[in-house]
Amino acid sequence: MNHFNYINNQLHAEQVALSEIAKSYGTPTYVYSKATIERHYHAFNTPFADYPHRICYSVKANSNIAVLQQLKRLGAGFDIVSLGEFHRVIKAGGKPEDIVFSGLAKTTEELTVTLDAGISCFNLESENELHRLQTVAEKLGKTATISIRINPDVDAKTHHHITTGKKQNKFGIDIETAKRLYKEARKMPFIEIAGVDYHIGSQITTLEPITKAVDTAIELIQELKESGIQIKHLDVGGGLGIPYKDEVPPHPTEYVNSIVERVKPYNLEIILEPGRCIIGNAGVLITKVEYLKKGEMKNFAVIDAGMNDYIRPSLYDAWQNIIEVNNNTDAEKFECDVVGPICESSDVLGKERTLKVNEGDLLALTSVGAYGFSMSSNYNTRPKPAEVLVDGDKVHLIRRRETYEDMIGPENLLD
Ligand code: LLP
């Protein structure tokens with residue numbers, strides 16, 4: 001069931017009209033649907049039935065603490081990539097033992113704080129990181145549980161900026177080196193080997209690269225077993241895509257089944273790190289049309305949300321649906337590019353659209369719950385938008401709009 005629908009020609013999130021949210025909280029504002037997040041979590045969780053697994057939501061996709069809190073309540077763990085994300089998870093009620101730590105630049109401070117707190121696994125990205133972690137663990141007198149992020153060299157067939165599992169990418173460790181490192185790690189007194197990990201890319205829309213990567217990992221796990229190294233879990237990362245336009249990605253059930261059926265004979269716990277698929281289609285961005293501008297070559301709908309609020313179209317040429325919040329208007333059709341206020345020609349949120357809007361009307365960018373607010377910035381000294389979460393007929397303000405003081409306050413004048 002879709003939780004963003006028109007009711008009496010007004011776009012709603014669950015039972016709340018987006019126009020009411022705009023009235024109360026202004027624009028631009030991110031709006032999330034609680035029921036959608038819950039549905040997506042279950043879509044991943046249910047197909048596992050009683051097969052051992054953990055769903056470690058990838059915090060970077062949307063790191064608002066209320067979103068994390070909801071996911072924790074549903075039973076999720078978390079995949080983090082920084083100490084900042086660690087603090088968010090803890091504040092949201094997550095436990096260190098619910099956390100796996102990914103990312104290729106973990107500092108000594110990050111390793112120390114999170115190991116001391118007792119996180120469940122470090123997904124290691126390099127030989128030097130393994131050595132650094134052993135040193136940190138020895139100093140603390142605590143054992144660090146690890147997996148090695150392998151680079152399975154499969155093409156995720158997605159945008160080149162978000163593919164991560166090819167040889168030329170900075171992520172992961174090639175299989176031959178990984179074998180050597182597992183053997184080294186086994187001898188380290190403060191390191192405990194638990195898993196094999198990878199993440200091959202994001203917005204993946206076919207099963208083939210997914211199953212290929214599983215097969216590669218299983219082959220490695222079998223080889224390790226023969227040399228006496230027992231792997232307990234396989235962490236397959238995130239990456240399952242969502243429909244933005246006409247993509248037809250595999251359903252989470254199909255995705256989970258294709259992994260479970262391969263892994264089952266080897267009795268490994270499965271860890272997933274989904275981000276986009278949980279929160280992407282659970283969020284919209286409400287924005288107001290400031291100006292309709294007629295140009296010589298093109299028309300423009302100038303809106304109050306820009307690449308500072310939502311950068312994916314500028315960064316990846318991503319296509320986002322942009323729809324009228326009120327679909328019963330006498331406005332004339334306007335063929336235009338939808339552009340933001342930022343002083344950059346790439347600040348285009350939608351190219352060649354047809355809209356029925358007047359100045360002052362509201363639009364919604366849909367499917368922007370993932371990598372939306374979490375990638376926003378203050379470029380052009382524009383405050384970050386508000387975020388609200390709708391639960392049935394209730395609206396929770398989960399992040400107030402930034403103030404000018406929030407932006408300028410941390411700065412100092414010269415003496
Ligand atoms: N695990 C690891 C280690 C990751 O690096 C990522 C995402 C995920 C899990 C979650 O992937 P997802 O399920 O969300 O695809 N900003 C880009 C996406 C970058 C993804 C980075 N890593 C975008 O807006 O398309």
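For the residue classes used in these legends, Ala, Val, Leu, Ile, Met, Phe, Trp, Tyr, Cys and Pro count as nonpolar, Asp, Glu, Lys and Arg as charged, and the others, Gly among them, as polar.

**View 1. Meet the shell around the ligand.** In this predicted model, 18 residues surround the ligand. Ser202, Glu273, Arg312, Tyr316 and Tyr371 are the closest. Sorted by class, the shell holds five nonpolar, seven polar and six charged residues.

**View 2. Where the ligand sits between two domains.** Shell residues come both from domain 1 (4-32 + 280-408) and from domain 2 (34-279), so the ligand lies between the two. The space that the ligand takes is the largest pocket.

View 3. Start at Tyr371, where an N or O atom of the side chain is 2.6 Å from an oxygen atom of the ligand. Arg276 takes part through its backbone, with an N or O atom 2.8 Å from a ligand oxygen. At Asp79, a side-chain N or O atom is 3.3 Å from a nitrogen atom of the ligand. Taken alone, the ligand exposes 580 Å², and the protein buries 91% of that.

**View 4. And now to the cavity.** How many cavities of 30 Å³ or more are there? The count comes to one. The largest cavity has a volume of about 60 Å³.

Technical notes: Residues numbered from 1 in each chain as written. Predicted model: local features only at pLDDT ≥ 70, side-chain atom pairs only at ≥ 80, totals over all residues. Heavy atoms only, no water. Near = heavy atom within 4 Å. Polar contact = N/O pair within 3.5 Å; in protein donor to acceptor, adjacent residues only side chain to side chain. Areas by Shrake-Rupley, 256 points an atom, 1.4 Å probe, with all protein chains shown as cover. 1 Å grid on protein atoms, 1.4 Å probe; cavity = no way out; pocket = protein on both sides within 12 Å on 5 of 7 lines; lining within 4 Å. Sits in = over half its atoms within 2 Å of the grid points. Domains from an automatic or database assignment. Points joined across faces, edges and corners; volume = space filled by probe spheres on them.
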